[in-house]
Structures are given as C-alpha cells and as structure tokens.
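Here are my notes for anyone opening this one for the first time. Keep the viewer open while you read, and take the points in order.

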Amino acid sequence: MTTMRPIRETIPMDDAKALLMESAIPIERTERISIRDAADRVLAAPAVSTIDVPPFDRAAMDGYAVIAEDTFGAGRYDAKVLHCVDQVHTGAVATRVLSRGECIEIATGAPIPQGADAVVMVEETEKSGPADVRVFTPVYPQQHVGRRGGDIAAGQTVLPAGTVLNPSRVGVLAAIGVVDIDVYAKPRVAILSTGNEIVEPGQPLQPGQIYDINRFTLASIIHAHGGVAMNGATVPDNLPDLLKAIQSAAAADIIMFSGGSSVGERDLIMDALQQAGDVIFHGIAVKPGKPTILGKVAGKPVLGMPGNPTSCLSNAYLLIVPLLRRMARLPEYVPHTVRVPLARRVVSTTGRHQFYTVRITGDAAEPAFKGSGDITSMAHADGYIEIPAQTDIVEAGEMVEVKLF
C-alpha cells in the first residue's frame, strides 16, 4: 500500500516561476486566418502593403474643390466668387476637369477633381445665386487634401512579424486590402482532471462525489491568455491510467493535471512524471497552492496543479498566465492595481508567499479568503494582495496593492 509522502522541501515562488519560464518555448506553428478573427492574435509574417492608402487624392473636408490661386486675397468683406460646375460624392468622380474661376462641390473622402489642388471648407463659403459660390477665406495648395499614399505607401511594411493585433492594427490590415493573414498558433493545453470523486457538472452526484471545478476555471484562464484548452476525460487515481493520459495528450504543448499533486496515497502525479519524464520541482512556498508539481515529458511542460479550487486558480494566475503568454508570444500581463488600506488585520504564514483574496468595499480592502477548498474565496473577491514570505502580519490600515481580477 502506498503511504502519504509529505513535501519536505519547497522552493520560493520566484524560483518556481523562473524554472517554469525556462520551459516556455514560444510556439513556432503558424496558421492562416481571416482578419475577422484576428483580434489578439500575433502576426507570423510582416504585413506589406501592395497599394497606396488613400489610393487617390481626396477631400479632407466637406466644401468646394478649387484652384487655390483663385482664392488668394479672399476675405469676409472681399469674397471671391467662383462658378460651381459639378458635384462629387464619395465613391464617385467628377465628370469634368476644373478650370480657373470654377469650383466643384465635394464631400469628405471624395476624389479631388482633375485641375483642383485644394478644398475650401463649406463653413467659409456661401451660395450666391443658382451656381455661384462666395469664398471668404483663402486656401493654399493641398490644404484640406488627403494626398495619395499619405497614410501608407505601396511597398511599405505596415506591421512587422510578432505584432499583437488590436482593433486599430486589424484596421490597418483592412485598409491595405488584406483578407487572410498568417499568425502564430495558440498553445494547446491538455487539462486532465484526476480523482475518483470528480463528476462532470450536470451528472447526478453519488455519495462522496463533487463536481469538477478546476477544469472550467483553468480553461477560462487559458482562453483569456492566448491558449486553447483541450479537455480530456477525468483520469482515475491509478498509475496506469495516469500514464495513458499523458500519452493521449501528446498533441498538446502543455499538459496540466488538476489534482493528484499532493501527498496522499492516491496522489500519483509524481510517480507518473518520474516514469514518463522528469520532475523539476514538487512544492512551492506559497499559500494557497503549495502542492504544485512541474515536470517535463518529451520536452513539454507538465503541471500538476492542486486539487483545491482556490489553490488551483491562484496558482493559475501566478504561474500559468506568464507561461501561456510567453508561449503564445503575447506581452507580459500587467494586472490593473489599486492602492487602498487593508480593512482588517491579516495573519500570514511565515516562510510562504501568500496569495490573499480581498474585496474592495468603499475605499478599503476587505479580506475575502475563506479556505483553499472554497471557490467562493475567489468568486466573491475583486482581486488579491501578495504577502511576502518574510511577512507574518499585515496590520489594519496598512496600504496594500490590490491586483484586480
């Protein structure tokens, strides 16, 4: 019979992060996708324009296309009178070439007629008779004209490889006529829940059983930070099935077990990793989340996450988020923070870095942590504070930095 094997040595959280990041090899696979699906993806090749943007000289204002010289000397009490010979809207072109003494009514974005070299804003004009326009201010050549290629020139690299595509960058791709682009593939993460007591939500609970929580919280974290969750079946607490589960997840870039990382007789992730690959560490000096394992199988990181929901999710924020984002080639995640006083004294465990959930009530941080097995410790919190390993008490009223979920 297997007996309990306590975690005798733990490593500091910073050391655990460093070891984990050594395993974070950026994904080299690429895929071709529509720009409709491009938000938050990472370009795998430079985007080079084949056209000028705009592709023609265009009006930057509603008004009248003119020959600038015809407006020189115009003033409020000495207007220049031009004869309006045409009207041009967006998506159309003028039907004639502009001559001296003439103007053409034009809409913002419409092509500048041949012969014209400036636009007078409509606010600086007044119609005079059926076809004449009084101009009250001079314009200089190219005033209120968006020049062809003024934004982007043909042959210009508009976005280099490695660019994270936000809405404005997707707009740049649309502006140069791109339909499909090459992006880096998202890291594939196999989530394998372990435990004979775990049941899929929606199924009836038998005595001693609980619904699977961690598979869903982990999948949410993975989706939010650039990965793809590959949900597998729940794995029974025995070594052959754990080894089979590792083999079945060979297509994944990261393998993640939920549960089985602690010290009980059925916590067999350590044994599975020692047979299938290598164990890098077992146990982090953090609360909650101490029983966390990092190993490697076939060069891929394998994480044994704590079964307790709060422990699992807090370590996901601290460990999985940076791992995923580096592999997905996304920038480091910087959470929004607020500095507020702590509403009540918090006693921490000396020697263990603590992830402590809080609610923002009024202008203070109210402790929300209940226990590592209670998912409401996270669900009813607005964020968390980190208490260093060497700190055992944070007094009420002390200013703390809350990292918001």
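1. Start with the contacts. Of those in the protein with a separation of 6 or more, 69% are between residues 24 or more positions apart. Bear in mind that this is a predicted model.

2. Now the overall picture. The protein has 7 helices and 28 strands. Its radius of gyration is 32 Å, well over the 22 Å that the globule rule gives for 405 residues, so the protein is more spread out than a compact globule. The C-alpha trace spans about 100 × 50 × 40 Å along the principal axes. As for burial, 44% of the 405 residues are buried.

3. Next, the largest nonpolar core. This core has 33 residues, and the ones touching the most other members are Met 256, Leu 303 and Ile 320. Two or more residues come from each of helix H1 (13–22), strand S13 (188–193), helix H3 (214–224), strand S17 (254–258), strand S21 (300–305) and H6. The biggest giver is H6, with 10 residues.

4. Ile 320 deserves a click. Setting aside neighbours within four places in sequence, Ile 320 is in contact with Leu 218, Ile 221, Met 256, Leu 303, Met 305 and Asn 315. There is also a second, separate core of 19 residues, with Val 235, Ala 252, Ala 272 and Ile 293 among them.

5. Which residues of H1 are buried? They are Met 13, Ala 16, Leu 20 and Met 21. Looking down the axis of H1, you'll find these buried residues within an arc of 130°, so they line one face of the helix. Asp 14 and Glu 22 are exposed on the other side of H1. The buried residues pack against quite a list: strand S18 (278–282), strand S19 (286–287), strand S20 (293–297), S21, H6 and strand S24 (353–361).

6. Helix H4 (residues 239–248) can be read in a similar way. Its buried residues are Leu 242, Leu 243, Ala 245 and Ile 246. Around the axis they cover an arc of only 155°, which puts them on the same side of H4. The packing partners of the buried residues of H4 are S13, S17, helix H5 (269–276) and S20.

7. Have a look at Arg 325, in helix H6 (residues 309–327). Arg 325 is buried yet has no salt bridge. How far away is the nearest side chain of opposite charge? That side chain is Asp 40, and it is 7.6 Å away. Leaving out neighbours within four places in sequence, Arg 325 is in contact with His 225, Leu 330, Pro 331, Glu 332 and Tyr 333.

8. Last, Met 121, which lies in strand S7 (residues 118–121). Its relative accessibility is 24%, so Met 121 counts as partly exposed. Beyond neighbours within four places in sequence, Met 121 is in contact with Met 61, Asp 62, Gly 63 and His 144. From Met 121 to His 144 is 23 residues in sequence and 8.0 Å in space, C-alpha to C-alpha.

Conventions
Residues numbered from 1 in each chain as written. Predicted model: local features only at pLDDT ≥ 70, side-chain atom pairs only at ≥ 80, totals over all residues. Heavy atoms only, no water. Helix = DSSP H or I, 4+ residues; strand = E, 2+ residues; numbered from the N terminus. Buried < 20%, exposed > 50% of the residue type's maximum accessible area, 1.4 Å probe, protein only. Lys, Arg positive; Asp, Glu negative; His and termini not counted. Salt bridge = Lys/Arg side-chain N within 4 Å of Asp/Glu carboxyl O. Contact = heavy atoms within 4.5 Å. Core = buried A, V, L, I, M, F, W, Y, C linked by side-chain atoms within 4.5 Å. Arc of directions from axis to C-beta. Rg over C-alpha atoms; globule rule 2.2 N^0.38 Å.
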